[in-house]
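Trainee: I've got a model open on the screen and I'd like to talk it through with you. Can we go question by question?

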Amino acid sequence: MKQFLEGSQAVAEIVTLCKPAVISAYPITPQTHIVEGLAQIIADGRLNSQFVNVESEHSAASVVLGAVATGVRVYTATSSQGLFYMAEVLFNIAGLRLPVILTCANRAISAPINIWNDQQDSISLRDAGWIQFYAENIQEVVDLHLIAYRVGEDKSMMLPVMVCMDGYTLTHGIEVVDMPNQEQVDKFLPAYAPLYKLDPQEPLTLGPLVDPESYTETRYAIQETHKEALKLIPQITTEFNQAFGRQYNGLIEEYRTKDAERVIVAMGSVCGTIKDTIDELRAKGKKIGLLKIITYRPFPYQEIYEALKNIPMVAVLDRALSLGSFAPLASEIKAVFCGKKKAPKVISSFIVGLGGRDITKDSIKEMLRLLNTKERTLEFIDLKPELLKDKYE
Amino acid sequence: MSKTLFNPGHTACAGCGQALAARLVIDTSGPNTIVANNTGCLEVFSTKYPESSWGVPFIHSLFENAAAVASGVEAALKYLGKKENINVIAQGGDGGTADIGLQALSGMWERGHDILYVCYDNEAYMNTGIQRSGLTPFDSNTSTSPVGKGSVGNIRPKKPMPEIALAHGIPYVATASSGFPQDIQKKVKKALSIKGPKYIQIHAICPLGWRHEAGVAIDIAKLAVETGLYPLIEYENGKLVSVRKIQPKPVEEYLKTQGRFKHLLSKPEEVKKIQEIADKNIEKYNLRAESPVGD
């Protein structure tokens, strides 16, 4: 049924339909509306779930870890500093092969403290072993949660999944959303059937000490599972499309790239602005397209290669940095073409929209103006040089 | 079928009080138990892949989160309607409990989870090589509170964990000692009969860290109690319901048995300070026996 919903409310509603047995979270802006929504839904008796109000994000992640290890479906949500405070537990959850589903309301990292949107938080956790999805709009946020549970809990995966939604833009934005009903969700997402669990009937030891004889193989196994995920995600997405009448690809989305001379690569809500800009410029005869990355981990290098190999010029838009080196997404897009015969002539890297600075159509146009035969590295768009003049002396 | 749920073959040191106490705790709780364990000696010596000593479901996640992991286990069991039949035990060493894990433990207490938390208190970070913790006794010589020209060891007394536990208003708080095995069993049994969060802190002998022969481990644990330095107390619903009565021995008798206190024997003024700690305990908990006490 189509409803006019705030992004956070929509997440609370779709998570409710997924019936997690245990929810644990700690408040942080801009994640709060999601967990407040779930708390109210439980208080109203619409969802039978144990809601554990913890004293920190570290414990929120640990509570869902313990619960999913006991064989039940779980959910948590966080943002920014909260995600970082969870970081140690997040690596641990992946290492223990436990399918926790987490919503990350993307927000900038302190210092300076800033509650607005960029993607430095989840990007910094890219090596944690989690599958990461990035949503463009509220509909996609809703849909990706269903796909996340199916993928993470699949017996061939047993991996945690992070659904990333841009803070404020998507958490507090309001859109018309096609919400599935309980029957549809139950059909697509059966009850969690764990591969292993803490059960006195069948005692097992989870999280043992593993020495150099076997440690490498545990990491190799996760790496291999991520490769498998590149096949499973499109399969489950196809199933999802059939069940809910949508047209996702699962790993990437190509928007008007077929005859494009210049393509922007981006993730998250900015893709909406980019699409609008493309439509406007296409009407003036400019051949521009967008490659949207939906699945960032595992990184769909083959699909990216196919999508960009014949594109003359590519602009990679990063909303995060790897301070002291190349931008995170740009360096990986470049790595896709390393040593390949077919490759874009230019892959330029742009940094846009940090700490909630608006990315407007003009920002995108400025990026495109700079996307020419001269390859650019770490080009900051909308930088204010006047703010850089002040110095301590 | 094994007679114990904590099987031999693990790699604990000879004379390890933690191995002894952990076996008593789990065997008292029985097979219908799920254990969440902080990182530390116990987890390391009992779960080296591909082997495990544990005859019950056991999960180790991180150094500081056993109380939170156990909270999740308990919440899942509640959801499944299985909590009534299954004990949940969270456990860790003194560092994992009183220092790095205190926040998660406080959260577990405050939220009222039906979990028994057991702290195996060997009074320093033994797994990493005898560094001082918040539960290291006053004047102890450890690798991070070393004795030197300007130092007589650890400058602070033990963090009062039982009092911190009591301040949370939880229904059961007790101390025990690896020198008194039957008392451990009795207290674990009592604790598990009570609904809500429980805290038991067990003085766990560590021959390697305390520097004494393994063969005298139990005697040393008993001396800690008999001098008044490790009072055995038991609180139910905030009320002191039992203490182990003693005919107090001078603290030197305990201090002289261990390398970690050796430097104090030539410093009567320091021994006096430690005697004052024991005397305060004896007075506070009314430990002095009217007539001689047996084992």
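This is a predicted model: local features need pLDDT of at least 70, side-chain atom pairs count only at pLDDT 80 or more; totals for chains, interfaces and linings use all residues.

Trainee: Fine. In which loop of chain B does B:Pro50 lie?

Mentor: Start with the backbone there: the peptide bond from B:Tyr49 to B:Pro50 is cis, with omega near 5 degrees. As for its place, B:Pro50 is in the loop between helix 2 (41-46) and strand 2 of chain B.

Trainee: What about phi: is A:Tyr168 buried, exposed or partly exposed?

Mentor: Phi of A:Tyr168 is near 65 degrees, a positive value in a residue other than glycine. You'll find A:Tyr168 in the loop between strand 7 (161-166) and strand 8 (174-178) of chain A. The cut-off for buried is 20 or more other C-beta atoms within 10 Å. Because A:Tyr168 has 19 C-beta neighbours inside 10 Å, it counts as partly exposed.

Trainee: And B:Asp139, buried or exposed?

Mentor: B:Asp139 also has a positive phi, near 70 degrees, in a residue other than glycine. B:Asp139 sits in the loop between strand 4 (116-121) and strand 5 (147-148) of chain B. Since 25 other C-beta atoms lie within 10 Å, B:Asp139 is buried.

Trainee: Now the two chains together. Which element gives the largest share of the side of chain A that touches chain B?

Mentor: On the contact count, 37 residues of chain A meet 39 residues of chain B. The elements of chain A that give two or more residues to that side are strand 2 (22-25), strand 3 (50-53), helix 3 (57-69), helix 4 (80-95) and strand 9 (205-206). With 9 residues, the largest share comes from helix 3 of chain A.

Trainee: How many of the residues on that side of chain A are charged?

Mentor: Go through the classes for the side of chain A that touches chain B: 19 residues are nonpolar and 14 are polar. That leaves the charged class, and its count is 4.

Trainee: What is the bridge partner of A:Thr205 in strand 2 of chain B?

Mentor: Strand 9 of chain A and strand 2 (residues 58-60) of chain B run parallel, joined by 2 bridges. For A:Thr205, the partner in strand 2 of chain B is B:Phe58.

Trainee: Which element gives the most to the side of domain 1 that touches domain 2?

Mentor: In chain A, 27 residues of domain 1 are in contact with 21 residues of domain 2. Helix 5, strand 6 (131-134), strand 7 and helix 8 (215-244) of chain A each give two or more residues to the domain 1 side. The one that gives the most, with 5 residues, is helix 8 of chain A.

Trainee: Last one: what ipTM does the model score?

Mentor: Chain B averages a pLDDT of 97, and 98% of the residues score at least 70. For the model, pTM is 0.97, and ipTM is 0.97.

How values were computed
Residues are numbered from 1 along each chain as its sequence is written. Chains are lettered from A and ligands numbered from 1 in the order in which they are written. Two residues are in contact if their C-beta atoms, placed from the backbone, lie within 7 Å. Helices (H or I, at least four residues) and strands (E, at least two) are DSSP runs, numbered from the N terminus. Ala, Val, Leu, Ile, Met, Phe, Trp, Tyr, Cys and Pro count as nonpolar, Asp, Glu, Lys and Arg as charged, and the others, Gly among them, as polar. Two strands pair if DSSP finds at least two bridges between them. pLDDT is the predictor's confidence in each residue, from 0 to 100. A residue is buried if 20 or more other C-beta atoms lie within 10 Å of its own, exposed if 12 or fewer, and partly exposed in between; C-beta atoms are placed from the backbone.
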